Structure formats: structure tokens, C-alpha cells
Amino acid sequence: MIDINDLSKSYGNKEALQHLTLQIKPGEIFGFLGHNGAGKSTTIKNLVSIIQPTSGSITVDGLELSEHRQEIKQKIAYVPDTPDIFLQLTAAEYWDLLAAAYDLSESEVKARRQKLVELFNMGLHVDETIASFSHGMRQKTVLIGALLSEPDIWILDEPMQGLDPQAAYDLKQLMKAHAKKGKTVIFSTHNLDTAQQLCDELAILKTGKLIYNGSVKNLLAQYENESLEEIYLQMAGRQGDGHLVDDIEGDINE
Ligand SMILES: Nc1ncnc2c1ncn2[C@@H]1O[C@H](COP(=O)(O)OP(=O)(O)OP(=O)(O)O)[C@@H](O)[C@H]1O
């Protein structure tokens, strides 16, 4: 169980996250939604200890994150929102580096790595440099690396970004299977169809504030016959902007 308690984060004068409180339970897929700049990555970076909160705290299975950072990090697979890392390494060298960082023996990771490479269709590219990869291939490389150590908690920042339909489908299946085993899956997305398909629980952020936390089921039940996209835009979208598109492109109905 992850408890986020009254978490705030400022960058200088910018209040990126304000008094966020929520719980994430094992066995569920938890999605963060919000417009650009809403605070999703800031929340995720706090969860994986890349940045420290300005105030508030996070506990993981009852342990305070600030006091048990290393122990908790061992349980987490993190996929950042940009896969442009270690560009000079080959994919294989990058995965070896991660295996060493997590203190995993070759025999521990070999079979799992092979399966992940096969699943994400990266077999022909393991010895090529990450710099030579397309965006989606870099994303797959980072995903494979994150999942090598079989961590309990997956924290994925816009993980489907740039993946081809097959890889996106396979990743969704992996996420469902991981949650079904009673483990935790947290991700952020701008794709509301994906969120509707995948998430058990949602947090919707708007300019650093939580505007919805609860199940997708309950949210859909509150707005009869509306899709998550329609509901989300009513909650988090611009107000009173009906004519902006017409102003730019002209009214196509005229
Ligand atoms: N390192 C930083 N320094 C200053 N401001 C930052 C920094 N990182 C994020 N911010 C600001 O914090 C706010 C929240 O950013 P964050 O990256 O968490 O948003 P996000 O919801 O992940 O957005 P996106 O969907 O565009 O990835 C934004 O206003 C952003 O400009």
C-alpha cells in the first residue's frame, strides 16, 4: 500500500503540486490523468525519490520513503517520461548496467530478459546503440530494463508514448497481469481510452491540485452515457472556449 500524505512540491515560486493526499492499493491499476503541466510527473518523481517534496510524506507498506529510500527503491520499476537515456550504450549494455545496479545475477535475468526482448520485438537490436533507435524502440529498451528485476511496484510515466499498437497492447496485458497477481501498477497517460480500459482507480490533477480520486466505475456511473474523455474534459478542460477552434479554422458547419 502506498500512502501519499499532504504532498506538496514547489520549484522556486512555482507550486507544481499542492496538498496531494491519496492511497494506492496493491492489486489495482492506478492512473494519473491531467493536462500538460498538471503535476503528474512531479508526483511520480516524488514516488520514485528522484525529487524530494517541499512538504508532506509518502509511505510504502508502512515505511517512510524519506527514511527507507534504498529499500523501497529495490521494489520499484520506474519508466521515466523520456526514454532518451544512456544513448551511447547498446541496449544489451544498458540492461547489463541495470542488472548490476540491482545486484542481479546473469542467471536471474537471462530468461526474463530474453522473453521481454522477444515480446517487444527487439531481438535484432540488442547490440545496437540506443542513440540509433527510434523513439518507440528507446521506450521499449527502457521498459525492458525496468521490468528485468521483477519488482512489485511498477511506476510508468506515459509508458505507451511512441509504442506501436502491438507493443502498447502487450504492455497493457503485462500491466493487467501484474495487478492481477496482487502487485501495484501506477501510470500516467494522456490517452483516455487507455485509462478507461485499464484503470481501476484514477487521480485527476489540475494545475497541481487533485480534482478527482476514485474508481473509474464510480466516475462513469456519475455521468450516465458519457465516455471518460467527455467526463474528463468537463472536469479538467477549458471552460467557455466553444469558439476557439472556429476562430482559428472557421466554422465548418457554416
Ligand atoms: N525542474 C523543474 N523546474 C521548474 N518547474 C518545473 C520543473 N519540473 C516541472 N516544473 C513545473 O511543474 C509543473 C508540473 O509539471 P509536471 O512535469 O509534473 O507536469 P505533467 O502533468 O507531468 O505534464 P506533462 O503532461 O506535460 O508531462 C509545470 O508547471 C512545470 O512547468
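**Entry on the helix pair.** I noted that α3 and α5 are roughly parallel to each other, a label for angles under 35 degrees. Helices here are DSSP runs of H or I with at least four residues, strands are runs of E with at least two, and both are numbered from the N terminus. The axes of α3 (residues 91-101) and α5 (residues 135-147) come within 9 Å and cross at roughly 25°, where axes are lines fitted to C-alpha atoms over the stretch in contact and angles run from 0 to 180 degrees between N-to-C directions. I then listed the contact, which A91, Y94, W95 and L98 of α3 make with T141, I144 and G145 of α5; two residues are in contact if their C-beta atoms, placed from the backbone, lie within 7 Å.

**Entry on the source.** I reminded myself that this is a predicted model, in which local features need pLDDT of at least 70 and side-chain atom pairs count only at pLDDT 80 or more, while totals for chains, interfaces and linings use all residues. Residues are numbered from 1 along each chain as its sequence is written.

**Entry on the ligand.** Which residues surround the ligand? I found Y11, K14, A16, G34, N36, G37, A38, G39, K40, S41, T42 and D81, a residue being near if its C-beta atom, placed from the backbone, lies within 6 Å. Both β2 (14-24) and α1 (40-47) supply at least two residues of this shell, and α1 gives the most, with 3 residues.

Key:
Parallel < 35°, antiparallel > 145°, perpendicular 65-115°, else oblique.
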